[in-house]
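Subject: A structure for you to explore

Hi there,

Here is the structure I promised to pass on to you.

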2 protein chains.
Amino acid sequence: LRERRYKRVRKLLARMHPAKIAALVEALGREERDALWQQVSASMEGRILPHLKAALARQLAADAAERGEPSGSVDTGDSDDSRLSVDAVNQLAAVREAVSEDRLKRVGKLLHRMHPAKVAGLLEALPPSERGVVWSMVETDRAGKVLTYLHDEIRATLARELDPDDLVAAVLPLDLDDLVDLIQQLPNDLSDLLMQATSGARREQVETLLAHPEDSAGGLMDTDFIEVRAEVRIGAVLRYLRLLDTLPSHTDQLMVMDRQGLYQGVLRLSALVTADPTWRVSEVMHTDVAGIALDMPATEVARLFQDHDLLSAPVVDADQRLVGRITVDDVVDLIREDADRALMQMAGLDDEADMFAPVLVSARRRAVWLGINLVTAFLAAWVIGRFEATLEQLVALAVLMPIVASMGGIAGSQTLTLMIRGLALGQIQKGNLRVLLQREMGTSVLNGLLWAAVIALLAVVWFGNWGLGGVLGAAILINLLCAALAGLAIPLLLQRMGIDPALAGSVVLTTVTDVIGFFAFLGLASLWLV
Amino acid sequence: LRERRYKRVRKLLARMHPAKIAALVEALGREERDALWQQVSASMEGRILPHLKAALARQLAADAAERGEPSGSVDTGDSDDSRLSVDAVNQLAAVREAVSEDRLKRVGKLLHRMHPAKVAGLLEALPPSERGVVWSMVETDRAGKVLTYLHDEIRATLARELDPDDLVAAVLPLDLDDLVDLIQQLPNDLSDLLMQATSGARREQVETLLAHPEDSAGGLMDTDFIEVRAEVRIGAVLRYLRLLDTLPSHTDQLMVMDRQGLYQGVLRLSALVTADPTWRVSEVMHTDVAGIALDMPATEVARLFQDHDLLSAPVVDADQRLVGRITVDDVVDLIREDADRALMQMAGLDDEADMFAPVLVSARRRAVWLGINLVTAFLAAWVIGRFEATLEQLVALAVLMPIVASMGGIAGSQTLTLMIRGLALGQIQKGNLRVLLQREMGTSVLNGLLWAAVIALLAVVWFGNWGLGGVLGAAILINLLCAALAGLAIPLLLQRMGIDPALAGSVVLTTVTDVIGFFAFLGLASLWLV
C-alpha cells in the first residue's frame, strides 16, 4: 500500500469513512502521515479534520497553509490561480519542484489545468522516476487522452503502470480512431485486454478498422460519419441533425450516398447552413471530392489533404461504397511524425524511443548504428592500408587524405538530400532523371575544379610540393564527381530494393566517398609521386 | 510574335476573325503553320476550316486526326478520356512527350484536368526549357492558384514570364491570405505591381496583413471570418447565413463577440446545425477555445493546432479584439515546409531553390557549404600535421586514424539529433538537462567501452601490436565521451547565440570530433608508442 501507488491509495481512501481515515492518520508515523494527507481530496479534508485530535489537526492545517494551500477550501484564491497558470517553460520546473517536495496535491492541481497534450509532453520531459509519480496523479478520465499523445515506448510503460481496470476505464471513452490507434500500438497483452473490454457493436467496428494496414487510408480512417441521401431536402437534413444533439468530432461535411449506398459526394456544413431549406441535397452537394481508395498509402493521403486543403475526406471501397472518413487532425499528426522520423532515422535513432530510457537500453540501441558505421570505417582503413608503403615514403599524404574524403562526403550528401526530397515529393521520375544527372554532374565539375584548385594551392603553400598539390586536386575532382553520381544512384537503388533511402542512404554514401577518396588520392600518389 | 510566347499568340488569335486566321495560316510556312494551329482553340477550328483552301484544310484535319485529336470537336471521346486520366507517374512522361512533339493542344488538355497543386508539382519536375512552354499553356485564371503551390525560386521566374496584366488577372481573384503570401514572397518589383493593382478595401486588408511578420500568428491569419453576437438566437444566425450565399472557404466555426467587439468564443457549425433555433448563441458556443495572440510564433501555433486538433482558431489583439483567424490548411503547409527546410538545411541546401536551376547558380550555392566544411577539414589536417614525426615512425597510425574520427562523429550526431528534436519539441529545459547529461554520458561510456575493446582487438589482430590497440581503444573512448558532451552543448550554445542548431550543428560537431579524435589518437601514440 505504501509503494507510491498513490492512485490505489486514493481509491481506498475514497471508500473509507472520514472518522476511519482520521484514525488511520493518527496511527501513522509523521512521514507516512504527510504522504497520506497529500492524497486526501480537498473536499474530504474539511470532513476529516474534526475527527482528529486537536493538536494533530492544527498541525496538518498549518502544514498545508504554510505550503500556500488553503486547507479545506476547493476553490483556490486569485493569487494561487496566477501562480498555477505559469507558461509552459515553467510548468516543468514547477511540477518537478512539487514532486521533489512530495507536494502531490499541487502536482494534481497543476496537471488538472493542463491540456492532455501538454501533460503528455511534460511526462516525456520528466526523468522516469518522477514520471511515475506524476502519472499516478493524472485523473483516470483524462489518462486515456494523455496516452494517445505519448510516444510508443513511454506509452507502453505508463499503460502498464495502471491497474488493468483503470486502463480500461481510461481508454474506452476515447474516440474510435484513437482507441484503434492505442490498440494497434500497445504491447499485445495490453491490447488484448482492451479488446476484451470493448463490447458489442463497438468491438466490431474496432475489428474492422484493425484489419487495415496502419499506413494506408484504411488505417487512418474512422467510421464516425453522418450520411444523407442525395434526394432528401435540406430542411429534412437540418431536422435530422437537430435530433442528434451532437455531431461526431471534426464533422465539417456530411457524406451523400444514393439508394444503393454508393458514394455520391459531400454536403459541407457551410453549404448546408447557407442553402434554402426547400432545396435538395443533390443541388448543393460537392461532387468534386473523389472518394479515397481504402488501400491508398498514407503518405499519398497526406499529400492529397495538403494539396486540396481538405478538412475531411470520404474513404470508399472498390465498389465506391462509403466505408469511413479521414479527418485532417490525423493527417497533421501523420505529417509531423513522418518528418520527425526522417530526422531521427538519419542518425540511426528511433523516433518512438524514450529520451530518458535506461542507459543500458539506449546504449544497446545506438550500438547497432555505431557497429554499422564501423564497417564503413574499417573499409576505408583497409584501403589506406593497401598504400602503407606509399605513406611511409611521404607522410604528408596522411595529413591531407582526410580532406579528400570529407569534401566528397559533403558534396555527395547534398546530392543525396536533393534526391531523397525529390523522390518523396514525386518530383523525380524516369522522365527527368537524365536532365537532373546532367545538372548534378555540371555542378560537380564546376565545384570540383574550383575547390581542387583552391585546396591544391593551399597544399603547395603548406608542403612546397607541386606534385602533391596536383595529386590532391585531381583526387578531389574525381571524388566530387563520384560523389554526385553516388548521391544520384544510391537512393534510386535503395528504393528499388525496398529500403528507405533516408534511413540507409548516408551510410552507404559515406562508404563510397571515403573509399573512392582514399583510393584516388593514395593511388594517384603511388603512381606519380613515389 | 514567334518566340514561343504562346499565350500572347492565343490572345491575338482570339481577337481575329476566322477568315483572317485562315489567311494567316495559308501565308505561313509549313512548320510555323503547325505551331500556330496548335494554338487555335478546338471550337475555333471548325469555324476556320471552311475559309481555308480545300487541300490545306484536309491536311490540317488529317494531321490532327493522326495525332489522336478529333479536329473540331470539343468533347473528346471515351478512349481519349481514359488516356488523359493517366495517373501521376505517367503525367510527367505524357506532358514531356507532348511538349517534345510540339503538340501543345494536348498539353493544355492534360493540364486542364489536373489540380493546380499537381500542375505546380509537374512544373517543378520539368527542366526549365520545357517548363516555360508548359507554363504558357496554363489558363490565366488557374495560373494564380498554381503560383501559390510553387517554391520561391521557380515562382519568381514563372511570375516574371507572364505579361504584367496577365499576372494581375491571375493573382487578384485569389483568397486574401494566398494573395498576401504571394506579395510577400515575390520579388519587390512584382509585388509592387500587384499592390498597385489591388484596390480599395481589399488593399487595406492586404496592407494590414502584410504588417505582421510572416512567421507569427498575424502572418498566418486571414480576415475572412464571420462574426455573430453572443445574445442573438440560433434561428437568426441561420437566416443571416442564408443571405450570404457562400461562406469563406474553410469556415468550420463562426466567431462570437460581445457588444464591444471583444472575442467571446466560437460557434461551431456542427453546434449550429444541431441546436434548437430558439436558443441563444451564448448557450451553444464554445468558450474553451482561447484567442491566439497576434505575435505568437508560427511554430507555437502549429503545435497548438496539432495538440488541440483545431480546424481554425481566432486571432485576437492585446485587447482581446478579434482581428483574424488561422485555418488548418495553412498550418499543414507550415508544418510540411518546416520539416522540408530542416532536412535540406542539414546538407546546406536551400529548400526554396529550383532543382533544375542553371548549373552555375546551383554550383555557386553549394560552393559556400563546401567552403565552410573545408575549414573543418583543414583544421583536422593541421592537427594531423602536428604529429608528422610520429606518423613517419609508425605508418599504421595513418591507417587507423580515420576510424577514431568517424566513430566520434557518428556518436556525436546521435546525441546532437536527439537534442535538436528535444529542443524543437520543448522537451529539453533547464529542469531536466542534468538528468539528460547523466544518461548521455552513461550511454557513451558503455558504447565507448564496447567499441573501444572491439576496435582495439581488431587492430591488434591486424597489426600484431598491443600498444597500438591500447592507444586506439583509449582514443575512441575519449572521443566518444567528448562527442556526447559536444552533442549536448553545441545546440544549446548555438541556440543561445541565436543560430538555428539544425543548420550549423553538424558542421561544428564534426569539427570537434575530428580534431579531438585525431589529437587524442596521435597524441597518445606519440607519448606511449614512439
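In chain A, strand β2 (residues 253–257) pairs with β3(A) in the antiparallel sense, over 5 bridges. Two strands count as paired here if DSSP finds at least two bridges between them. Strands (E, at least two residues) and helices (H or I, at least four) are DSSP runs, numbered from the N terminus. Across this pairing, Leu254(A) stands opposite Leu267(A) of β3(A).

Before you go further: this is a predicted model, in which local features need pLDDT of at least 70 and side-chain atom pairs count only at pLDDT 80 or more, while totals for chains, interfaces and linings use all residues. Residues are numbered from 1 along each chain as its sequence is written, chains are lettered from A and ligands numbered from 1 in the order in which they are written, and side-chain values use heavy atoms, leaving out hydrogens and water.

Back to the sheet. The order of its 3 strands in chain A is β1-β2-β3; the sheet is open and its pairing is mixed. At the edges are β1 (227–229) and β3 (263–268) of chain A, each of which pairs on one side only. On average, neighbouring strands of this sheet are turned by 35° against each other, direction ignored; the strand axes are lines fitted to C-alpha atoms.

Now for chain A as a whole. It has 28 helices and 6 strands. Of its 530 residues, 53% count as buried, where buried means under 20% relative accessible area, exposed over 50% and partly exposed in between (1.4 Å probe, protein chains only). The accessible surface of chain A is about 22,700 Å², and carbon and sulfur atoms hold 56% of that; the areas come from the Shrake-Rupley method with a 1.4 Å probe. Among the contacts in chain A with a separation of 6 or more, 68% are between residues 24 or more positions apart. Contact means heavy atoms within 4.5 Å.

How do the two chains relate? Chain A superposes on chain B by a rotation of 180° with 0.0 Å of shift along its axis (RMSD 0.1 Å). That is the relation of a two-fold axis.

Is Arg325(B) buried or exposed? It counts as buried, because its relative accessibility is 3%. A polar atom of the Arg325(B) side chain lies 2.7 Å from the backbone oxygen of Ser249(B), and there is also a distance of 2.8 Å between a polar atom of that side chain and the backbone oxygen of His250(B). Leaving aside residues up to four places away in sequence, Arg325(B) touches several others, including Met221(B), Asp222(B), Phe225(B) and Met255(B).

Helix α12 (residues 152–161) of chain B has Ile154(B), Arg155(B), Ala156(B), Leu158(B) and Ala159(B) as its buried residues. Their cover includes α9 (116–125) and α15 (188–197) of chain B.

Finally, two loop residues. Gln320(A) has a positive phi near 65° although it is not glycine; it lies between β5 (312–316) and β6 (322–327) of chain A. Asp309(B), also not a glycine, has a positive phi near 50° and lies in the loop between α21 (298–308) and β5 (312–316) of chain B.

Happy exploring!

Conventions. Axes fitted to C-alpha atoms, helices over the stretch in contact; angles between N-to-C directions. Least-squares fit on C-alpha atoms with pLDDT ≥ 70 in both. Polar contact = N/O pair within 3.5 Å; in protein donor to acceptor, adjacent residues only side chain to side chain.
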